[in-house]
Amino acid sequence: MYAPCAYCAPPSASTPPGVTGPCLYEDEAAERLLCSLNDVGESDGERQHQVRDAHGGLIGSITRIPPSKRMFKHTWRIEQVGQPEIIGRNQWASGDTKDIVENGVSKVVFGALKSAVTSLGAEESDHHDSRERTLEWRAEGNVVMVSQGSKWVTIKAGWVDRRLAFAFALLGDR
């Protein structure tokens with residue numbers, strides 16, 4: 001398995017004044033702050049969290065957006081200072097109409113193949129938990145990050161600040 005690259009702990013002596021949320025540290029002793037999360041509050045059903053660096057500077061914010069229709073799940077928005085807005089949506093509902101249709105067809109084909117392989121006695125991989133939804137995170141039409149629940153996050157664009165991905169994983173897709 002992978003070695004930890006960030007440790008979660010409550011605010012400590014190394015956190016700037018005003019930090020109220022959980023913190024991520026570079027070390028297990030919680031002495032070198034990587035970033036902190038502050039719950040900004042809720043407005044119109046949206047819940048926003050600010051992500052700050054070790055000196056208290058704003059890295060960006062992560063917002064949980066409630067579903068527009070009852071049958072859908074919530075979505076996410078990441079705003080990184082100086083970069084385009086990143087929207088996280090269910091993988092099958094991400095992109096333009098052509099992408100959505102292709103994702104739907106792929107999901108049906110993959111589901112049938114997975115079912116056939118499983119019925120032949122193959123075990124499922126530990127890497128993929130079917131209960132955790134996969135989100136595609138897009139900025140300006142391009143996939144910049146993919147997450148599965150809060151366990152697996154893959155950054156696909158070099159400009160995405162990894163601390164924001166860590167902060168999302170800490171919040172969890174709930």
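This is a predicted model: local features need pLDDT of at least 70, side-chain atom pairs count only at pLDDT 80 or more; totals for chains, interfaces and linings use all residues.
Two strands count as paired if DSSP finds at least two bridges between them.

**Around β7**

Strand β7 spans residues 86-90 and is mostly covered, with four of its five residues buried. On one side, β6 (residues 75-80) runs antiparallel to β7, and three bridges join the two. One spot to look at is Ile78, whose bridge partner in β7 is Ile86. The β6 and β7 strands make a hairpin with five residues between them, and Gly82 in the turn has a positive phi of about 80°.

β7 also pairs with β8 (residues 134-139), again in the antiparallel sense, over four bridges. Here Ile87 sits opposite Arg138 of β8.

**Salt bridges**

The count comes to eight salt bridges. Among them are these:

| Pair | N to O distance |
|---|---|
| Glu26 and Arg32 | 3.8 Å |
| Arg47 and Asp39 | 3.2 Å |
| Glu46 and Arg77 | 3.3 Å |

How exposed are the partners? Glu26 is partly exposed at 42% relative accessible area, and Arg32 is partly exposed at 44%. Arg47 counts as partly exposed at 29%, as does Asp39 at 41%.

The Glu46 and Arg77 salt bridge links distant parts of the chain: Glu46 belongs to β4 (residues 46-52) and Arg77 to β6, 31 residues apart. Glu46 is partly exposed, with a relative accessible area of 27%. Arg77 has 17%, so it counts as buried, the cut-off being under 20%. Through shared partners, salt bridges tie Glu46, Arg77, Glu79 and Glu85 into one network.

Conventions:
Residues are numbered from 1 along each chain as its sequence is written. Side-chain values use heavy atoms; hydrogens and water are left out. Buried means under 20% relative accessible area, exposed over 50%, partly exposed in between (1.4 Å probe, protein chains only). A salt bridge is a side-chain nitrogen of Lys or Arg within 4 Å of a carboxyl oxygen of Asp or Glu.
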